[in-house]
Amino acid sequence: MVSDKAKGKTSYTILGGGPAGLMTAHLLARDTDARVTLIDRASRLGGNAGSFQVEGITTDYGSHRFHPAAEPEVMAEVKALLGDDLLLRPRHGRIRLGGRWIHFPLKLGNALKSLPVPFALSLIRDMVTGPLRRAPDGPATFSSVLLKGLGPTISKNFYFPYVRKLWGLDPDHLAVKLAERRVSGSSVSKILMKMARMLPGLRSETTGRFFYPRKGFGQICQTMEESARQNGTDIQLETGIERIERDGNTVTAVITKDKTGHETRHDGSQILSTIPLTALLGAMDPPPPAEVIEAARAIRYRGMILIYMVLETGQFTEYDAHYFPEVSIPISRMSETKNYNNVTAPEGLTVLCAELPCDPGEEWWDMSDEELGQAFCSWLGGVDLPVNVPVKSVITRRLSHAYPVYDIDYADRFETVDNWLESLDGLVNYGRQGLFAHDNTHHAFAMSFGLADCLSPDGTFDRQKWARYREKFSHHVVED
């Protein structure tokens, strides 16, 4: 076994090469003289924020955008990294409500014209009666909070069926925290105000727009990887974590094994972990206390199958994304990458990406790519999007940890695990997977900036400052 410790020099070992881990490596390698090592078990970096090629078309792991709502320092960093390759694009999606297609993000004129009359009248009624509406009896849940704030029409026709798809649970079994982090418009009047801001004369330069890299969403992570490597980061791919050694409450080293079976001991100043907290606990040697292990076993992540269908046509629709809250179709969203960055090459081909929330062991998980492709075509035909062009190929990607599941009891379980991890010296747990946060990519980058601000030149970590950052992170709201 070989040790990578550099005597007399601050060194950091980053576990996980997704957005948070990569941004941290980029910042520490560029702005400090520390030795930085980044470890990932995959053969590439970027995690679900990466891109890959399908039939010559750059494709993402689902629908991704870089939102203008990003913190100023995060936005400035991404703009500096990508330069002119960071495009400002108009959002042009559709959502299916009441059996009709409506522009998404919602536009006032389009909504008034396209919504079924009974649906629109029900929304108006919910808005008028909102101040008089009482929350349902019993403990607060995702369901009760939305019924109180939004009313039954949009809750039952949009949010409730949508979350059943995304998390596989009834809205009554989901925590209030999910409503706080996933629902930015907490009343019909607030939704109408957001729609009004889309009107000419009221919108800003970025209203109804998003940033997207010219070469696919993964270009952000790719440029950070290039920067980290150029500034000396030791990136070790296809390398698994054998164990994380600790002496009492102090983490002393990480032992890794590469694909050849070679083990390395990483005993630097700080271990910075972005891997799923359940995996982090499972690697601890000695193991955590029994109550922590029990809490971790009950923590759940939602899986997802991404179905990529290559069509022999230059463009399937003009829309970048379609949203499917209705129960008639199992997928939650479909994106067409070429419409995100407005590319035409290669001519005569386009790729549709369907997001199918699904856990290992469920009906769809073990289906073949061909079977899922046939189902995909059938689903589209059922919502007035028939596939009338030849299908060249279908491939899939399966994500076992796509979303954290905020069930009713998750908060107590997470607190038990998180409090124990926070008690350890020499280890910082962060990122979307580490903090069990259903966040956007720019939120993950914000965590990296906060973490870097808490590290001193000698490698010591300011936990009081980190606690203040953690409080700020807890109020992140997902941008759709």
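Start by selecting phenylalanine 210 and tyrosine 212: both are buried. Keep in mind as you look around that this is a predicted model.

Arginine 65 lies over the face of the phenylalanine 210 ring, 5.1 Å from the ring centre.

Next, select phenylalanine 66 and phenylalanine 445. Across the model, 21 aromatic pairs are counted, and these two residues form one that is tilted, with 6.3 Å from centre to centre and 40° between the planes. Colour the surroundings by secondary structure and trace each partner back: phenylalanine 66 belongs to the loop between β5 (57-60) and α2 (72-82), while phenylalanine 445 is in helix α16 (residues 441-454), so the pair ties together parts that are 379 residues apart in sequence.

Now go back to phenylalanine 210 and tyrosine 212 and turn the view to see their rings. The ring centres are 6.4 Å apart and the planes meet at 80°, so this pair is edge-to-face.

For a group of rings, select Tyr301, Tyr406, Tyr410, Phe414 and Phe436. Ring pairs link these residues into a cluster.

Finish with another arginine and ring: select arginine 397 together with phenylalanine 52. Here the charged end of arginine 397 sits over the phenylalanine 52 ring, 4.5 Å from the centre of that ring.

Note on methods
Residues numbered from 1 in each chain as written. Predicted model: local features only at pLDDT ≥ 70, side-chain atom pairs only at ≥ 80, totals over all residues. Heavy atoms only, no water. Phe/Tyr/Trp six-rings, centres within 6.5 Å; stacked < 30°, edge-to-face > 60°. Helix = DSSP H or I, 4+ residues; strand = E, 2+ residues; numbered from the N terminus. Buried < 20%, exposed > 50% of the residue type's maximum accessible area, 1.4 Å probe, protein only. Lys NZ or Arg CZ within 6 Å of the ring centre and 35° of its normal.
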